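Please examine the sequence and the structure shown below. The paragraphs that follow lead through the arrangement of the chain, beginning with a question.

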Amino acid sequence: MIFESLPTTPRSEELLDKAFSRAARAGRSKSGLDAQQSMLQTASSILADNLENVVTQWPDFGTVDPFYYELADAIVDVDDLRQSLSQVTWASRQIRQLREEYQPKLRKTDPETARKHRKQAFARMADVVEQVADDLERIGEARDALKGLPDIRPDEPAIVVAGYPNVGKSSFVNRVTRADNEIAHYPFTTRGVHVGHFDRDRIRYQIIDTPGLLDRPEEDRNDIERQAVSALEHLGDAVVFVVDASEACGYPLSAQLSLRDAVADRFGKRDVPVLTVNNKSDRSRDVDADYQMSVETDEGVDEVLDAAVDAVGWEPEIPPSRQE
């Protein structure tokens, strides 16, 4: 997952303390002009390099997969984050320019004058870092928010499971996936996102249940949830929409089908197929569905999974054979 390895972002106070304390140690090991030059070099390198590393560790949002871009934007506002990253890049360059400005001043002068120049350089460097203090804090908060996102991989086929609560979505996901399926939490869901995996013909498929997102009408979602659904549109290769014709789930069948139509309309804009599956078919089959299934009795489960795989139509890229 692209945000998983992001390092901790230093706060401005931490960075300044680190740079100036190491500079002081470097200065104590030398004397005269050499001490002042060593302190300037040490502090500026630590500040500039650490600020630069804050930025370079982040992925280029211009090339990030649309799924992760929209997901990140729903959580942290990518435009604000990019602006903060730009400001930190500016600060890194300013520190290097200050070093270049003051290095000549520390060469051909007396030690006391050199010390005054070095202290002035440190004050100006500290001012630059303090100007981006809020940006460093914003970047750190974004890192903390995005680091815990579930490991969903846009380069692997994904089946999204949708439908009202209590229709059997989680039971279906648990039934068809390996025992190690992940339950992770998006910041904008209360019950977590269930991410399961299964293998078919040496291809790993992801199957995703998103409680709190695709289990209620569009008008009941807040802005962040709507954007998260938009992110899922980029990810899903097929949708299994589960209904309960018996209405034991607590929702009228008419409402379930209305939500199905809305989901089909959204995903249909990206040509993502939507399969309507009636779970609890042992109780009622009174619905026009693509497939009948009962997770409780195991009826039709494998057939639904086969149909979802066929709907995905995933064809792995096979390298061309070498010409003899």
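How many salt bridges are counted between domain 1 and domain 2? The model is a predicted one, and in it the count of salt bridges between domain 1 and domain 2 is zero. One residue pair is in polar contact between domain 1 and domain 2, with both residues at pLDDT 80 or more. On the side of domain 1 that touches domain 2, helix H3 (residues 66-76) supplies the largest share, namely seven residues. Sorted by class, that side of domain 1 has six nonpolar residues, two charged residues and no polar ones.

The domain assignment gives residues 12-147 to domain 1 and residues 158-312 to domain 2. Their centres, taken over C-alpha atoms, are separated by 47 Å. Where the two parts meet, eight residues of domain 1 are in contact with eleven residues of domain 2. The area buried between domain 1 and domain 2 is about 870 Å², and carbon and sulfur atoms give 68% of this area. Within domain 1, the residues that lose the most area to domain 2 are Phe 67, Glu 70 and Ala 74, which together account for 61% of what that side buries.

The view can next be widened to the whole protein. The protein has ten helices and seven strands. Its radius of gyration is 28 Å, whereas the globule rule gives 20 Å for 324 residues; the value is well over that figure, so the protein is more spread out than a compact globule. Along the principal axes, the C-alpha atoms fill a box of roughly 95 × 60 × 35 Å.

Although the count of salt bridges between domain 1 and domain 2 is zero, the structure as a whole holds 20 salt bridges. In general, side chains of opposite charge can pair when their charged atoms come close. One of the salt bridges is formed by Glu 52 and Arg 96, whose closest N and O atoms are 3.1 Å apart. Because Glu 52 lies in helix H2 (residues 32-56) and Arg 96 lies in helix H4 (residues 78-102), this pair ties together parts that are 44 residues apart in sequence.

Notes:
Residues are numbered from 1 along each chain as its sequence is written. This is a predicted model: local features need pLDDT of at least 70, side-chain atom pairs count only at pLDDT 80 or more; totals for chains, interfaces and linings use all residues. Side-chain values use heavy atoms; hydrogens and water are left out. Domain bounds come from an automatic or database domain assignment. Contact means heavy atoms within 4.5 Å. Buried area is the accessible area (1.4 Å probe) that two parts lose on being put together, summed over both. A salt bridge is a side-chain nitrogen of Lys or Arg within 4 Å of a carboxyl oxygen of Asp or Glu. A polar contact is a pair of N or O atoms within 3.5 Å; within protein, one must be able to donate a hydrogen and the other to accept it, and residues adjacent in sequence count only if both atoms are side-chain atoms. Helices (H or I, at least four residues) and strands (E, at least two) are DSSP runs, numbered from the N terminus. Ala, Val, Leu, Ile, Met, Phe, Trp, Tyr, Cys and Pro count as nonpolar, Asp, Glu, Lys and Arg as charged, and the others, Gly among them, as polar. The radius of gyration is taken over C-alpha atoms; the globule rule is 2.2 Å times the number of residues to the power 0.38.
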